Amino acid sequence: MKKHHGAFIKNEREIASLREANRLVANILDAVGDMVAPGVPTMRLEELARGMCDGYKVKPAFLGYQGYPFALCCSVNEQVVHGFPSARVLKEGDIVSIDMGVVFEGFVGDSARTWPVGTVSDTAAKLMRITEESLYRGIEKARAGNDVYDIGASIQEYVEAAGFNVVRRFVGHGVGAKMHEKPEIPNFRPGMRGMTLQNGMVIAIEPMITVGGHEVKILDDNWTAVTCDGQYAAHFEHSVAITPAGPEILSVSDRGLVRHCSE
Ligand code: MF3
Ligand code: CO
């Protein structure tokens with residue numbers, strides 16, 4: 001069987017643009033994270049992100065994407081992904097997932113992190129720690145010659161061993177001139193063989209992990225995904241290039257690779 005993924009292999013110049021796009025995203029996430037605190041309306045985070053996009057002279061990637069109305073996704077507590085920034089004020093004990101993308105030189109950067117608001121429950125803290133670590137377990141599998149589904153298998157095994165669950169409804173993706181390129185990167189084991197990873201592929205790996213069931217539903221705004229059981233969810237995402245030297249995380253800020261927790 002012939003496999004068509006030549007179109008998804010990036011050259012050095014394209015990877016350089018993706019690296020820069022993702023560096024800017026990571027810088028914005030650093031600044032947004034610094035602002036996360038009890039009493040802050042999530043719209044303030046949106047305003048900060050938009051101001052930084054203007055400063056960097058880049059376009060937010062999500063704004064206008066399939067009609068999405070904001071630069072950021074701000075997903076609080078049981079919101080899994082695609083929550084709208086709003087007048088909602090963050091309060092002690094919340095967790096907030098921020099997903100951000102920009103377009104630089106025609107290439108998309110895409111990354112997400114989850115922060116605690118003040119002091120959070122032990123379960124919420126563990127959820128964020130396991131979700132972040134699961135992302136790194138997945139990244140470790142992003143190597144030429146591996147099956148694309150090895151990534152999700154590794155994420156799922158780690159997450160379920162910790163007693164949490166993997167959202168099935170949303171997956172990671174190839175990323176390049178378009179935000180969503182092939183292949184899809186599920187965060188679970190689909191039970192079949194997938195595409196073989198090759199050097200030059202760039203993928204966004206983004207585990208969305210829940211305390212309770214993995215089922216989600218979409219609110220009446222047609223975007224906000226929430227857990228059906230109302231329990232918390234967390235989300236971490238990096239854009240990663242597959243290189244002969246191994247996985248290269250592109251979404252690295254000027255502070256370096258920011259890890260909220262380390263195992
Ligand atoms: N990181 C998300 C994704 O890869 C962000 C998309 S939000 C959208 O799907 F609004 F742009 F769809
Ligand atoms: Co993404």
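User: Leaving aside its neighbours within four places in sequence, which residues is Ser251 in contact with?

Analyst: The model is predicted. Once neighbours within four places in sequence are set aside, Ser251 is in contact with Asn22, Ala26, Ser111, Glu237, His238 and Ser239. Ser251 itself is found in the segment that follows β15 (246-249). With a relative accessible area of 2%, Ser251 counts as buried, because buried means under 20%.

The side chain of Ser251 forms a polar contact of 2.7 Å with the side chain of His238. The side chain of Ser251 also reaches the backbone nitrogen of Ser239, at 3.1 Å.

The aromatic rings may be considered next. The structure holds 4 aromatic pairs. In one of them, the ring centres of Tyr68 and Trp223 are 4.9 Å apart and the planes stand at 80 degrees, so this pair is edge-to-face. Tyr68 lies in the loop between β1 (59-60) and β2 (72-76), and Trp223 in the loop between β11 (216-218) and β12 (225-227), so the pair ties together parts that are 155 residues apart in sequence. Tyr68 is buried at 3% relative accessibility, and Trp223 is buried at 17%. The rings of Phe70 and Phe84 have their centres 5.3 Å apart and their planes at 55 degrees, so that pair is tilted. Phe70 is buried, with a relative accessible area of 15%, whereas Phe84 is partly exposed at 24%. Ring pairs link Tyr68, Phe70, Phe84 and Trp223 into a cluster.

Conventions
Residues are numbered from 1 along each chain as its sequence is written. Chains are lettered from A and ligands numbered from 1 in the order in which they are written. This is a predicted model: local features need pLDDT of at least 70, side-chain atom pairs count only at pLDDT 80 or more; totals for chains, interfaces and linings use all residues. Side-chain values use heavy atoms; hydrogens and water are left out. Helices (H or I, at least four residues) and strands (E, at least two) are DSSP runs, numbered from the N terminus. Buried means under 20% relative accessible area, exposed over 50%, partly exposed in between (1.4 Å probe, protein chains only). A polar contact is a pair of N or O atoms within 3.5 Å; within protein, one must be able to donate a hydrogen and the other to accept it, and residues adjacent in sequence count only if both atoms are side-chain atoms. Contact means heavy atoms within 4.5 Å. Rings of Phe, Tyr and Trp (its six-membered ring) pair if their centres lie within 6.5 Å; planes under 30 degrees apart count as stacked, over 60 as edge-to-face and the rest as tilted.
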